Amino acid sequence: MKILVLNCGSSSIKYKLFEMTTKEVLAQGGLEKINLPDSFLKITLPNGEKKIFEREIKEHTAGVQFIFEILTDPVYGAVKDLHEINAVGHRVLHGGTKFSGSVLIDDAVIAAVEECCDLGPLHNPANLKGIYAVQKLLPEVPQVAVFDTAFHQTMPEHAYLYPLPYEYFERYGIRRYGFHGTSHRYVSKRVCEFLNIPVEGSRIITCHIGNGGSIAAVKDGKCIDTTMGLTPLEGLMMGTRCGDIDGGAILYIMKKEGLTPDQMSDLLNKKSGVLGVFKRSSDMRELEDAVAQNDPVAIRTENMYFYRITKYIGAYAAAMGGVDVILFTGGVGENQATARAGVCKTLEFLGVKIDAEKNKVRSKEAIISTDDSKVKVVVIPTDEELMIATDTMDILANK
């Protein structure tokens, strides 16, 4: 069975085509700068070689059509005919309280996703564009929606409610939803397989650390808490997002600077976090290099970044009555040994001990804690696309 996974952003489309009998990636790439004159499609060939195709793409249907052309290209393609694709799985950011799992897309599902656009205004409309495009170009091919928020729907009421007047939850659905759910679900399941431990009885803290970052407390295979909230802004300090902040500080800045809500949103989401404090870049690799040069601004920024991750790990260990596994994934979590070591250096009170030599690993499944560490510290590369493809296959099998 061949399954195409699409992840549509406001100006981009990422894709992977899987042969699910072997879990082989047949094709993958990304279309960037939609609706700009210098838009391009960058693909990765099976031998690792990159190839770029430049074409002005003005909207998502044309973008999906362009991807289909390359998928069937006689030189660079992976299939002879689009009808070899059995299904399309879509990453959808926000499912609100409507979806606690992945679903086969029909008119009712589309209507429900449209209703969630207020909760995910930057992502849901773009996700829907991908769904509409496939409907138009391959109307007979089944589609599945896999929601970023679904895994976190098992959070108890006391974890997801905000201490605001309750009518705002009743009227507008103001609550914590959480994101990166597909990643947290994949890695929390995979680490149990990797360590050969049962899901039941397990207490796992999953740290998805990248330009965006979130942590989840996963008990018995179910999420009981996560750092992101109503939007992906809450929680950790991220590349350009501030994470947790006093709401009073937001109001104070708005009054002092005369900012509109949209301008304040731009400041909090795109000009804060690592970029806001470090000033030079939001890239953790550049920050790491500057720390190695003893740059005081970089050191301050890194200390803030690590501290907030460590603080949440401690909080989630308390929430679960202990922790058995601390797991790192995402671009930073999988590749940056200094970040993992920096986060774990004050966790010895939990029995965490990092093996410096084992911690040198990059993008590989590995235990990086010492043999006598009471808590296993593990690196598990995430694979959200495979999770989406797997869900799509399972839903079609049970149709």
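Q: In which loop of this predicted model is Thr149 found?
A: The structure is a predicted model. Within it, the segment that holds Thr149 is the loop between β8 and α4 (157-160).

Q: Is Thr149 buried or exposed?
A: Residues under 20% relative accessible area are classed as buried. Thr149 has a relative accessibility of 0%, and it therefore counts as buried.

Q: Which residues does Thr149 touch, leaving aside those up to four places away in sequence?
A: The contacts fall in two stretches of the chain numbering. One set comprises Leu93, His94, Gly95 and Gly96.

Q: Which residue in β2 is the bridge partner of Asn7?
A: Strand β1 (residues 2-8) and strand β2 (residues 13-19) run antiparallel and are joined by seven bridges. In this pairing, the partner of Asn7 is Lys14.

Q: Which residue in the turn of the β4 and β5 hairpin has a positive phi?
A: Strand β4 (residues 40-44) runs antiparallel to β5, with five bridges joining them; Lys42 stands opposite Ile52 in β5. Five residues lie between the two strands of the hairpin. The positive phi, about 95°, belongs to Gly48.

Q: Are α2 and α3 roughly parallel or antiparallel to each other?
A: The axes of helix α2 (residues 107-115) and α3 come within 9 Å and cross at roughly 155°. Angles over 145 degrees count as roughly antiparallel. The two helices are therefore roughly antiparallel.

Q: How many nonpolar residues does the contact of α2 with α3 have?
A: From α2, the residues involved are Ile110, Val113 and Glu114. They meet Asn124, Leu128, Ile131, Tyr132 and Gln135 in α3. By class, the contact has one charged residue, two polar residues and, as nonpolar residues, five.

Q: Against which elements do the buried residues of α13 pack?
A: In helix α13 (residues 337-344), the buried residues are Ala339, Arg340, Gly342, Val343 and Cys344. They pack against α11 (296-319), β12 (325-329), α12 (330-335) and β14 (376-379).

Definitions and conventions. Residues are numbered from 1 along each chain as its sequence is written. This is a predicted model: local features need pLDDT of at least 70, side-chain atom pairs count only at pLDDT 80 or more; totals for chains, interfaces and linings use all residues. Side-chain values use heavy atoms; hydrogens and water are left out. Two strands pair if DSSP finds at least two bridges between them. Helices (H or I, at least four residues) and strands (E, at least two) are DSSP runs, numbered from the N terminus. Axes are lines fitted to C-alpha atoms, for helices over the stretch in contact, and angles run from 0 to 180 degrees between N-to-C directions. Angles under 35 degrees count as roughly parallel, over 145 as roughly antiparallel, 65 to 115 as roughly perpendicular and the rest as oblique. Contact means heavy atoms within 4.5 Å. Ala, Val, Leu, Ile, Met, Phe, Trp, Tyr, Cys and Pro count as nonpolar, Asp, Glu, Lys and Arg as charged, and the others, Gly among them, as polar. Buried means under 20% relative accessible area, exposed over 50%, partly exposed in between (1.4 Å probe, protein chains only).
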